[in-house]
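Student: I have a structure to read, and I want to understand the words used for it. Can we go through them step by step?

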Amino acid sequence: MSADLSSLLPILRLVHAAGVGPVAFRRLVRVFGSAEAALSAPKERLLEVPDVSASTAEAIRAARGDDWAEQELERVRAAGAKLIALGEPAYPKLLLNTYDPPPVLYMLGELQETDALAVAIVGTRKCSHYGRGQAERLAAGLALAGFTVVSGLARGIDSAAHAGAMAQTGGRTLAVLGTGLDNIYPPENKPLFESIIAGGGAVLTELPFHTPPARE
């Protein structure tokens with residue numbers, strides 16, 4: 001985890017450039033050696049990278065002077081959050097095995113080495129009473145066995161999974177959001193959000209501050 005958040009400015013600028021998703025980000029860093037070098041590359045060199053279009057190359061060049069990254073770091077500091085960049089030792093190892101690991105993770109709370117032993121429980125928002133009870137029992141059993149329970153802080157099954165894990169002494173749970181850290185959704189789950197962090201777990205997202213919930 002970066003002690004000096006300002007070292008992440010080039011990464012945030014490149015991530016924020018229009019047309020640069022996780023896959024393109026990794027390609028650019030692989031070709032140029034770093035996010036900073038990719039931002040400094042001439043347009044003709046950027047166009048040599050697979051799937052980098054002329055508009056994306058222009059967006060990367062424009063991102064060099066984008067002050068959004070500085071503003072975003074101020075939001076991170078004000079919230080007491082942390083940023084974990086791809087390639088840092090603290091980056092979750094299991095996430096590295098996915099096709100498109102996010103270049104940056106925003107986090108409130110703490111990760112532990114034992115979180116490598118994790119099980120995700122997700123399900124419908126409109127669950128039955130029976131379904132909710134079963135999710136809580138399953139999460140409680142996993143937490144009792146030493147697993148970290150991962151879910152999405154949504155209504156229904158997700159909320160039940162978090163609650164079931166936390167009901168066990170020493171039970172750990174992580175919430176992965178589809179919003180920015182300052183947009184807790186659904187809003188009635190803010191106490192659950194706070195309980196996860198207070199209980200030693202963590203809330204993570206790949207999305208910047210001020211990102212609202214969206215169906216996609």
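**Salt bridges and their setting**

Tutor: Keep in mind that this is a predicted model. Start with arginine 45 and glutamate 48: they form a salt bridge, with the closest N and O atoms 2.8 Å apart.

Student: What makes arginine 45 and glutamate 48 a salt bridge?

Tutor: The cut-off is 4 Å between a side-chain nitrogen of Lys or Arg and a carboxyl oxygen of Asp or Glu. Here the closest N and O atoms are 2.8 Å apart. That is within 4 Å, so the pair counts.

Student: Why can such side chains pair at all?

Tutor: Side chains of opposite charge can pair when their charged atoms come close.

Student: Is glutamate 48 buried or exposed, and how do you know?

Tutor: Its relative accessibility is 56%. Exposed means over 50%, so glutamate 48 is exposed. Arginine 45 has 32%. That falls between 20% and 50%, so arginine 45 is partly exposed.

Student: How many salt bridges are there by this rule?

Tutor: The count comes to 10. One of them joins aspartate 51 to arginine 27, with the closest N and O atoms 2.8 Å apart.

Student: What makes that pair a link between distant parts of the chain?

Tutor: Aspartate 51 sits in the loop between α4 and α5, and arginine 27 sits in helix α2. They are 24 residues apart. Aspartate 51 is exposed, at 67% relative accessibility. Arginine 27 is partly exposed, at 22%.

Student: What else lies in helix α5?

Tutor: Arginine 61 does. Leaving aside neighbours within four places in sequence, arginine 61 is in contact with Ala41, Pro42, Lys43 and Leu46.

Student: Why is arginine 61 called partly exposed?

Tutor: Its relative accessible area is 34%.

**The aromatic pair**

Student: How many aromatic pairs does the structure hold?

Tutor: One. The rings belong to tyrosine 106 and phenylalanine 209.

Student: Why is the pair of tyrosine 106 and phenylalanine 209 called edge-to-face?

Tutor: The ring centres are 5.9 Å apart, within the 6.5 Å limit, so the rings pair. The planes stand at 70°, which is over 60, so the pair is edge-to-face. Tyrosine 106 is in strand β2 and phenylalanine 209 in the segment after β6, 103 residues apart.

Student: What makes both faces of β4 covered?

Tutor: Thr148 and Val150 are buried on one side, and Val149 and Ser151 are buried on the other.

Definitions and conventions: Residues are numbered from 1 along each chain as its sequence is written. This is a predicted model: local features need pLDDT of at least 70, side-chain atom pairs count only at pLDDT 80 or more; totals for chains, interfaces and linings use all residues. Side-chain values use heavy atoms; hydrogens and water are left out. Buried means under 20% relative accessible area, exposed over 50%, partly exposed in between (1.4 Å probe, protein chains only). Helices (H or I, at least four residues) and strands (E, at least two) are DSSP runs, numbered from the N terminus. Contact means heavy atoms within 4.5 Å. Rings of Phe, Tyr and Trp (its six-membered ring) pair if their centres lie within 6.5 Å; planes under 30 degrees apart count as stacked, over 60 as edge-to-face and the rest as tilted.
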